[in-house]
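Biologist: I have a model open and want to learn how to read its packing. Can we go through it feature by feature?

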Amino acid sequence: MGVADEQIKMSFSYPSDSTLMIAFNGIWKIDQALPTAEEVKKQLEKGPGVKQVAFNSDALIKWDSGILTFIMKVLTECNRLKVQVDKNGLPNGVQQLLKLALAVPEKKDARERIKHIPFLEQVGSDAVHFVHSTGEILTFLGESFVAACKLMRGKGRFRSFDLGLFLEENGARALPIVSLISLLVGLILAFVGIIQLKLFGAQIYVADLVGIAMVREMWAIMTGIIMAGRTGAAFAAQLGTMEVNEEIDALKTMGISPMEFLVLPRILAVTIMMPLLCLYANLMGILGGSIVAVGIYDVSAMAYFNRTKEAIGLNDLGIGLFMGLVFGILVALAGCLRGMQCGRSASAVGDAATSAVVTGIVAIILATAVITIVCDVLGI
Amino acid sequence: MKQKQTHITVENITMGYGDFVLMRDLSFTINKGDIFIIMGGSGCGKSTLMRILVGLKSPKKGRVLYGEMSLWEADPLEREALMRRLGILYQSGALWSSMTLDENVALPLELYTGLSSVEIGDLVSLKLALVGLAGFESFYPSEISGGMRKRAALARAMALDPEVLFFDEPSAGLDPVSSKHLDDLILELRESLGATVVVVTHELASIFAIGDNSVFLDPETRTMIASGDPNFLLSESEETKVRHFLTRGQ
């Protein structure tokens, strides 16, 4: 029989009326089926007035943390029953480890952190949190505005290299995804529209449908949502990681405003690129629509583009570009806000990125509603 | 005197990144139960050497033997099994920030043992108690101090009762008292667990307090220029650079 097959044994004896002797035998390692401390508890409770527990480890072959957890439980039980423990019979290593484990008393109040929070307390806590976070958002907006004012007065401090990098990142590098989505949505919109319009023999008006829907609102919203998912999340993750690595603290201690140095170039870059991306998305969407109308439903290419030109007014284009500008600012603000609010852990960075996307999309939808109502009231 | 048993053998290790050679022809042995120090100035490749010893980075040349088993020539499954017998305390602690301390220590036990959750809970409490963090189970790493994080990371490193404990700059970022406590803890654990300990450091106080044996890596010649008991090297080393290092440039 190999050493590993040695059966674990624990036996009890009473060298005197008041002493319980626990003898260990075999291999006591965590990968073996170990006896439980319940057996010792039973012996202590049934024994005739046990005042002391002693150990015998002469037959113990090998041990690891498994024996330690067992003895810790025995010690707890003995402590509860006010029974003395003689540890001299334990191996030296076990004695040293027990001494180490018991050297610092357990922090008792720490476990109280896990508790059930009553419903009303939770509601109150959430309300306070809401007020607090609203204050944080307003502070952030205020600081962004001050930083923008400084920039306009030529006092904004950031590296022009960073601005160039963000312009590239949020402009040229966003083109593939914007192209794909715009082309496909233009295609889908044309398909859906043309099927209905064909019933009236009015296929040509699909150019109006695609053109107006795209230029006026649709593509600004689509591009905004794409950028919220792409850029907003990236900003939040970048700034969040900088917060975790104490890089933002380092800027502050050097007297450099993170709002100017980190936030401003990001907002500026997205604000500049968003209207341009919207314009590009418009073109791709119109192209998508024309593929369906010209390629499948035999509308002539010239007629399609003439119809589009007639349908889209300068007002529509202006509103679309204005929306793009507003959405750009909102997406960048949401990303930077959540990044700057990030905690100091990896999960906090993930939360910040998620929150940036959600905040960005909600802000885009709200802004669309407001702009649409204002345009309606003004008759634009 | 009882002959010490060799635990780790490093044979002609050359390491680097891409075409860049950081250190070449490193050969030394680490005895079972010793506290072995890898020392040298900043950027000399101490941490890279540790990464090679624990199986995180392959050497350009050479072998690392644990007993008879060659770490980098072993079957991937065997290497993985060997790596589980090593406990590593990273420089930053590297505790998983989204998990509480007990979850951090419990994870390797959940993955690599068939223990019940109650048994794992008992072991986790024991390991945290060993490093003086009893009762801090429900805390997140971000809620405790740097010294406590290091100790919690040590508890995680000890989760599977490793045969070898590796410490990468254990004193980095700690005050002298916390650093001393950590050194004492390393000594206590070596004595009680009988584990082999490998420490990467350039903290002289720690080197002299805990080191049984050491190697000195020299970034200029890109090889080890001395090995032996740090206290012996301090007084007897023929290498000026080593004495210069061990006397803080005096």
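Modeller: Start with helix 2 (residues 65-80) of chain A in this predicted model. Helix 2 lies across strand 1, strand 2 (19-28), strand 3 and strand 4 of chain A. Against strand 2 of chain A, helix 2 runs at about 165 degrees.

Biologist: What is the order of the four strands in the open sheet of chain A?

Modeller: The general idea is that strands of a sheet pair through backbone hydrogen bonds, either parallel or antiparallel. Here the order is 1-2-3-4, and the pairing is mixed. Strand 1 (9-16) and strand 4 (84-86) of chain A are the edges, each pairing on one side only. On average, neighbouring strands are turned by 25 degrees against each other, direction ignored.

Biologist: In which sense do strand 3 and strand 4 of chain A pair?

Modeller: Parallel, over three bridges; strand 3 covers residues 52-63. For a residue pair to look at, A:Val53 stands opposite A:Val85 in strand 4 of chain A.

Biologist: How do I read two packed helices?

Modeller: Two packed helices are described by the angle between their axes and the distance between the axes. Take helix 2 of chain A and helix 4 (residues 117-130) of chain B: their axes come within 10 Å and cross at roughly 90 degrees. The two helices are therefore roughly perpendicular to each other.

Biologist: Which residues of helix 2 of chain A and helix 4 of chain B meet?

Modeller: From helix 2 of chain A come A:Ser65, A:Leu68, A:Thr69, A:Met72 and A:Lys73. They meet B:Asp122, B:Leu123, B:Leu126 and B:Lys127 in helix 4 of chain B. By class, this contact has four nonpolar, two polar and three charged residues.

Methods:
Residues are numbered from 1 along each chain as its sequence is written. Chains are lettered from A and ligands numbered from 1 in the order in which they are written. This is a predicted model: local features need pLDDT of at least 70, side-chain atom pairs count only at pLDDT 80 or more; totals for chains, interfaces and linings use all residues. Side-chain values use heavy atoms; hydrogens and water are left out. Two strands pair if DSSP finds at least two bridges between them. Axes are lines fitted to C-alpha atoms, for helices over the stretch in contact, and angles run from 0 to 180 degrees between N-to-C directions. Contact means heavy atoms within 4.5 Å. Angles under 35 degrees count as roughly parallel, over 145 as roughly antiparallel, 65 to 115 as roughly perpendicular and the rest as oblique. Ala, Val, Leu, Ile, Met, Phe, Trp, Tyr, Cys and Pro count as nonpolar, Asp, Glu, Lys and Arg as charged, and the others, Gly among them, as polar.
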